[in-house]
Amino acid sequence: QSAVNVPRDFEGCSTLRKYFGQLHYLQSRIPMGAEQEAAVPIAWTEIFSGKTVTHEDIKYEQACILYNLGALHSMLGAMDKRVSEECAAGAFTYLRDHFPHSYSVDMSHQILNLNINLMLGQAQECLLEKSMLDNRKSFLVARISAQVVDYYKEACRALENSETASLLGKIQKDWKKLVQMKIYYFAAVAHLHMGKQAEEQQKFGERVIYFQSALDKLNEAIKLAKGQPETVQEALRFTMDVIGGKYNSAKKDNDFIYHEAVPALDTLQSVKGAPLVKALPVNPTDPAVTGPDIFAKLVPMAAHEASSLYSEEKAKLLRDVMAKIEAKNEVLDQFMDSMQLDPETVDNLDMYSHIPPILMEKCAALSVRPDTVKNLVQSMQVLSGVFTDVEASLKEIRDLLEEDEAQERKLQELLGKSPPPPASPPSPGLAEVSKECSKYMEVHEKASFTNTELHKAMNLHIGNLRLLSGPLEQVRAALPSPSLTEDDKQVLQNLKRILAKVQEMRDQRASLEQQLREMIQKDDITTSLVTTDRSEMKKLFEEQLKKYDQIKVYLEQNLAAQENVLKALTDANVKYAAVRKALAEVEHKWNTTVQTLVASYEAYEDLMKKSQEGKDFYTDLEGKAAKLLEKARAACQAAEANRQQILEKEMKKQPPPRPTAPKPALQKKPSELELEAAGALDAGDLPPLGSLGLAAL
């Protein structure tokens, strides 16, 4: 009802468009076309004859609505300011191209052509007026005006058609006369501006003929303007003043000044029109115009089937694109693997500008223990002192035993010159001391090796610990750092730039792929399929798939760029080889230094522990060695006393010697000490040697 009694404003246009769109949605679902099951009679009145025309076809309803939309647009255009190039021809054009012409005579092909060209011609007039007010170039104004002439010539041909003449009756002659008047008038305007262009180009002969032609055409327009309103007559008189003045001035100047030959008009190039106006488009499925589809829930099975076919087209498109992407990605991955260039580590210069966190942690830990090195040195000094004491005690025991053995040999040598004495009882004390001394010496020798290794380990780590305990600047200075020339830095920067390009190419490719997948996922044209004829499905698919053309172009450009990028990367990598080797060597030294310093820190606690174990071991061994020394002294004194007794007995048995020179007496050992009843010292009482093992160091 609103569409039939539409208000004559732009809201009325909106109502007609919405109704037209909903009719389009409806006829796609309900069989309301000619001779279909749900067709109903639809009646409208012809505009020119006043007759009521009825058809049982929903398309007739749509056609009448379109006709009224074009008519309402033309009415609003006539009332509007003449500054817009949009016109009412769109509705008439859509009606002519998409609907039968047999519904009524006012929808015949000739009548619609008449309406279309009248609308386009008037819109072009508006653009011409605006161009003249904006002082556009003369040649452009001439072309715009020539296009007005072309539109009105097409309208005039439609008016001259016999069917049109019989339909329009008397108004056909009036319209034809008015259109012809406009043809001559705007032809005059076009030649006026062509004359102006000739004047600008100083072609004074051409200027005269163009102004003369403009004057002739204007005179024809004036003849056809009889009976037109006074406003039209006034406009024609004003134009005559302009063109007449231009012609007289140009002819006079050429006759008396320039004397250029005046060419014939047909020898000059004709003015080609410039169609710059646009018809308001009609799209029955544009939701911004039609509003939401009120029949959206009614989806025919054929639309579902067509949607499946379209999904397969989308899947095929995606497969084709992904095959190209995967092939390029495989080449790229293999190339990058062969290069062994990690963008994250190819430029590791930043790591040399600061102390690594693990080393900072060790420095911080030592900073709260300032006596670390001092304590370690003192501990090792104490260990060395105890070690020396034990070694001195064992040496003295060994010396005592060796001296006793020497005295025993001398005694035997002396006794050997006389009859053999009765066997002297063995000295169990010395045998036990000798046995225990050998055990202690063996333990001491093994522990001595361990002690030496402990000192080596301490000397190895003490310098590093002093470094870690010192200022951070010294720690940083102790770490190796690369020394690159300006050329080396340039090579490195160039490689980084190209690697960044490779990553940018990867990221862009992944992004475009994701965009394509999302577009395909969201692409649902079921609504359009509902309103599309089966014969138009293939065309619709092609049109819809065009939306992917742009992203496909971007992907093709990305894939095509890979070859150039990899070539540049190859060249850059060749130049980078020497720099890479130097950086790898420095990095290896840097890592080794860091690991060594960390190892020294971690070895500190173990060194202290081993040092303490060594002190405990040697303290215990020192006590036992001291006791064994006392026992050895006592045993040696007892043995010496026994030897003296034997010697005295032997001396008594022998006859008094003849007076001779006195023989040297046996060296005597002190006999003041008494043999201590010290308990036997067993090597099993010592702490195990394993506690001094340096495997962990």
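## The β1–β2 hairpin

Strands β1 and β2 of this predicted model make a hairpin with 6 residues between them, and G50 in that turn has a positive phi of about 80 degrees. The two strands run antiparallel and are joined by 4 bridges (strands pair if DSSP finds at least two bridges between them). Strands here are DSSP runs of E with at least two residues, and helices are runs of H or I with at least four, both numbered from the N terminus.

## Ground rules

Residues are counted from 1 along each chain as its sequence is written, and side-chain values use heavy atoms, with hydrogens and water left out. As this is a predicted model, local features need pLDDT of at least 70 and side-chain atom pairs count only at pLDDT 80 or more, while totals for chains, interfaces and linings use all residues.

Helix α4 (residues 109–133) has 25 residues and spans 36 Å from first C-alpha to last, close to the 36 Å expected. The expected span is 1.5 Å times one less than the number of residues. Of its 25 residues, 18 are buried, which leaves α4 mostly covered. Buried means under 20% relative accessible area, exposed means over 50%, and partly exposed lies in between (1.4 Å probe, protein chains only). After α4 comes N135, with a positive phi near 55 degrees.

Helix α7 (residues 170–200) has 31 residues and reaches 46 Å, close to the expected 45 Å. Q202 follows α7, and its phi is positive too, near 60 degrees.

## Salt bridges

The count comes to 20 salt bridges, each being a side-chain nitrogen of Lys or Arg within 4 Å of a carboxyl oxygen of Asp or Glu. One of them joins E154 and R157 at 2.4 Å, N to O. Both residues lie in helix α5 (residues 138–159), 3 residues apart, about one turn of the helix. An α-helix has 3.6 residues a turn, so residues three or four places apart point the same way. E154 is partly exposed at 35% relative accessible area, and R157 is partly exposed at 48%.

E160 and K176 also meet in a salt bridge, at 3.7 Å, N to O. This pair links distant parts of the chain, with E160 in the loop between α5 and α6 and K176 in helix α7, 16 residues apart. E160 is partly exposed at 43%, as is K176 at 24%. Then there's K547 with D523, at 3.3 Å, N to O. K547 is in the loop between α18 and α19 and D523 in the loop between α16 and α17, so the pair ties together parts 24 residues apart in sequence. K547 is partly exposed at 34%, whereas D523 is buried at 10%. Elsewhere, E199, R207 and D253 are linked in a salt-bridge network.

## Cysteines

How many disulfides does a search of the whole structure find? The answer is 0, a disulfide being a pair of cysteine sulfur atoms within 2.5 Å. C64 is buried at 5% relative accessibility, and C156 is buried at 7%.
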